[in-house]
Amino acid sequence: MTTIENIQLQTALLVTNGSDSEPFSRDTLLISIFDSCRHRKDAYGSAPELTDTVILSLYPKITEGTIGKSEIIRQTAKILDRFDHAAAVHYRAYHPLNEAT
């Protein structure tokens, strides 16, 4: 028997947006990815897997327990684009990348 331990990101990671910060929420990311994939028949199965892929891609970008909101947007859009271009276009429409953050 094996176990997989996950980091509790909500307590360990802050998302910064300018001078504001808030705890990371996997659920918020999952919902935004699901909304972007809603046109797909496999959205319910794909969205959690895509969310995990995005989170794994964020680990190297975390600095001192924080990550910029723009980095989350950038990585999510990049991964969605590889998976489904229409989903990436939808995601970018609702999550514009502001390079100042």
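R74 and E71 form a salt bridge, with their closest N and O atoms 2.7 Å apart. By salt bridge I mean a side-chain nitrogen of Lys or Arg within 4 Å of a carboxyl oxygen of Asp or Glu. Both residues belong to helix α4 (residues 69–83), three residues apart, which is about one turn of the helix. Helices here are DSSP runs of H or I with at least four residues, numbered from the N terminus. R74 is partly exposed at 30% relative accessibility, whereas E71 is buried at 16%. On these terms, buried stands for under 20% relative accessible area, exposed for over 50%, and partly exposed for what lies in between, with a 1.4 Å probe and protein chains only.

The model is predicted, so local features need pLDDT of at least 70 and side-chain atom pairs count only at pLDDT 80 or more, while totals for chains, interfaces and linings use all residues. Residues are numbered from 1 along each chain as its sequence is written, and side-chain values use heavy atoms, with hydrogens and water left out.

How many salt bridges does the rule give? The count comes to five.

I turn next to D52, which forms a salt bridge with R26; here the closest N and O atoms are 2.8 Å apart. D52 lies in helix α3 (residues 43–58) and R26 in helix α2 (residues 26–37), so this pair ties together parts that are 26 residues apart in sequence. D52 is partly exposed, with a relative accessible area of 33%, and R26 is also partly exposed, at 30%.

D35 forms a salt bridge with R38, the closest N and O atoms lying 2.6 Å apart. D35 is partly exposed at 30% relative accessibility, while R38 is exposed at 53%.

Finally, the aromatic rings. Rings of Phe, Tyr and Trp (its six-membered ring) pair if their centres lie within 6.5 Å; planes under 30 degrees apart count as stacked, over 60 as edge-to-face, and the rest as tilted. The count is one aromatic pair. F34 and Y44 form this tilted pair, 4.9 Å centre to centre with 45° between the planes. F34 lies in helix α2 and Y44 in helix α3, so the pair ties together parts ten residues apart in sequence. Is F34 buried or exposed? F34 counts as buried, at 15% relative accessibility, whereas Y44 is exposed, with a relative accessible area of 70%.

Key:
Helices (H or I, at least four residues) and strands (E, at least two) are DSSP runs, numbered from the N terminus.
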